[in-house]
Number of protein chains: 2
Amino acid sequence: MAHKYDVLGIGNAIVDILIHVDDEFLKSENLVKGSMQLVNEQEAAAIYAKLGQCIECSGGSAANTIAGLASLGGDTSYIGKVRDDQLGRVFRHDINALGTSFKTSSAAEGPATAHCLVLVTPDAERTMCTYLGACVNLTTADIDEDVVRSSKICYLEGYLWDPEPAKEAFRKAIKIAHDAGNKVSLSLSDPFCVGRHHEEFLHLVRDGVDILFANEDEIKMLYKTDNINEAALQVQKDCDMAAITCGAAGCIVINQDEIGHVQGRRVEKLVDTTGAGDLFASGFLYGLTNGKSIGECGALGNLIAGEVITHLGARPDIDLKKFIEQNA
Amino acid sequence: MAHKYDVLGIGNAIVDILIHVDDEFLKSENLVKGSMQLVNEQEAAAIYAKLGQCIECSGGSAANTIAGLASLGGDTSYIGKVRDDQLGRVFRHDINALGTSFKTSSAAEGPATAHCLVLVTPDAERTMCTYLGACVNLTTADIDEDVVRSSKICYLEGYLWDPEPAKEAFRKAIKIAHDAGNKVSLSLSDPFCVGRHHEEFLHLVRDGVDILFANEDEIKMLYKTDNINEAALQVQKDCDMAAITCGAAGCIVINQDEIGHVQGRRVEKLVDTTGAGDLFASGFLYGLTNGKSIGECGALGNLIAGEVITHLGARPDIDLKKFIEQNA
């Protein structure tokens, strides 16, 4: 069939609350720098009360990737659960504003729209505390079969494995996509997330994932190895294609023919690494859905990731289509 | 009596929704560049639906001034009305986070917390569409007599004249402040706001205001003159003290002894003028409550206004106390 969408993203629909903090704050709250920690409503409120003035901006890992792809000119769709509250309307506005189709109904009751406290330290690293809120109400009923079938790639975030009912939604989406002959892509999201769901993730990667995204810590955690080359060889056996991001060093791209390294680009002014992995996936998937070689896909991923870390927040704040015309 | 607070701000409690737009967008929406236009809920939603991805940040003119003063180390208090909704909690968190006392109860019913669509054009000018929401429910009952009495200066924004019940609250605060021997300060807010309430504002300035803040357009509108020197002479007759901001040229400071000009400071990177007037008032009032000369107050106003226009949003995003130690 002809595909209406290049990529469908499925993930936790979250509004980020961003602030600069010092390292002492992370220590005093027992937060592991660079990680994403799940918190309940009371814990989120307790940390928020200790923070200075924040700014709010739509987030969510897969949603950030889809927003980046939409800004690059890709045809995109998104599935995720917000409540019918103010932050839910902010999230919906922002993803619609970039031209993404987002038809998942808002929950009329239950927990509020999810939010994530994004704590950015002076080294530009981000540490996140996520209250999943309405995300726990994403179920198989929200997986629109027509949308999954009409998307070349179904892109899932590993974080979606945290809210229990979303797992079934996740599995349903994979089955529909594969039955339609489409590709399934997964981002491993976070090393602790991989740790929480290690066996299931390994099974998923081996049986359900065509294109895997991970950073070095995540892929090492998945294959329980300290050797990145070993991990790359493993993932080459398990998936058609993979990209391992290596921070400033760029990325390792893997398909059935090759394992290659794509050099990172120098970033003038590093502000906030939030969304670096998400926007890497935007660039990579944009290349892939436009017939580029895997090396070119990796270079596009590096380029777009290098843009998002020059400003606060995980969404593009410029027209990425123009940006790649000027920089590619 | 001993004063607990240096400055109490009273104003419309608003969350800003910020975005960069081009000049064509303002034209297509019939918006006058640089102005603040009041819109109803439907009009706000219609404009919002046409905007790209935004960021959210607490705003409100007097609240911005108070946030700046708090960041400078001043003892501050704020009165304004939000609803008990998500944006209301964001506003309350952000003003509390800077150490400001904010005891006004949230409305449990009625319109949502106010929001302002802040449209920033490539020339860094901002054009605003404000939905007043819960601000229309600020009444005399919200004016805490003890707080007004215990504040050296009661600072009011002209915008507060827009929601009808707030006028009486405004008048009540002035009476309490003056009866306690405290000073009353007013910001004229916007030339169109001055136009809407011209007679009342003129009466207010003559009878109720000790310290007036205005920009050139506002003061000319108030005194119906095209001559800024004429306007300065008029305000010298009407108020103890005044400051007229003149954009990049700095400000004119006025008291009963002198009318002087304080040169503006060169700003390296002009991004967004939102909050320039509000943060000028922060710097000026910080000087005034710390025994500085009027020329020094004007210079502090210029310095702080020059900081806020280097980034998106009207709240300080650095510690202003450190900033003035490094730059004053």
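Modeller: Let us start with a rule: a residue is buried if 20 or more other C-beta atoms, placed from the backbone, lie within 10 Å of its own, exposed if 12 or fewer, and partly exposed in between. The model here is predicted, so local features need pLDDT of at least 70 and side-chain atom pairs count only at pLDDT 80 or more, while totals for chains, interfaces and linings use all residues. Residues are numbered from 1 along each chain as its sequence is written, and chains are lettered from A and ligands numbered from 1 in the order in which they are written.

Biologist: Thanks! Why is Lys224(B) called exposed?

Modeller: Lys224(B) has 11 other C-beta atoms within 10 Å, and the limit for exposed is 12 or fewer. Lys224(B) sits in the loop between helix H9 (216-223) and H10 of chain B; helices (H or I, at least four residues) and strands (E, at least two) are DSSP runs, numbered from the N terminus. Its phi is positive, about 45°, although Lys224(B) is not a glycine. Most residues other than glycine have a negative phi.

Biologist: And is Ser189(B) buried or exposed?

Modeller: Ser189(B) is buried, because 28 C-beta neighbours lie inside 10 Å, against the 20 that the rule asks for.

Biologist: What makes E13(B) and E14(B) a pair?

Modeller: Strands pair if DSSP finds at least two bridges between them, and E13(B) and E14(B) have 5, in the antiparallel sense. A hairpin of 4 residues links E13(B) to E14(B).

Biologist: How do you know which strands are the edges of the sheet?

Modeller: Strand E6 (101-102) and strand E14 (259-263) of chain B each pair on one side only. The open sheet has 9 strands in the order E6-E5-E1-E9-E10-E11-E12-E13-E14 (chain B), with mixed pairing. Strands E11 (residues 211-215) and E12 (residues 241-245) of chain B, for example, run parallel and share 5 bridges. Helix H12 (residues 294-308) of chain B packs on the sheet and touches E12, E13 and E14 of chain B; its direction makes about 150° with that of E13(B), where axes are lines fitted to C-alpha atoms, for helices over the stretch in contact, and angles run from 0 to 180 degrees between N-to-C directions.

Biologist: How do you know how the two copies are related?

Modeller: Chain B can be laid on chain A with an RMSD of 0.0 Å by a turn of 180° and a shift of 0.0 Å along the axis (least squares on the C-alpha atoms of residues with pLDDT of at least 70 in both). The two copies are therefore related as by a two-fold rotation axis. In chain B, the C-alpha nearest that axis belongs to Glu56(B), at 2.4 Å.

Biologist: What touches what between chain B and chain A?

Modeller: On chain B, 21 residues are in contact with 21 residues of chain A, contact being C-beta atoms, placed from the backbone, within 7 Å. Strand E4 (55-58) and helix H4 (86-97) of chain B each supply at least two residues of that side of chain B, and H4(B) gives the most, with 6 residues.

Technical notes
Two residues are in contact if their C-beta atoms, placed from the backbone, lie within 7 Å.
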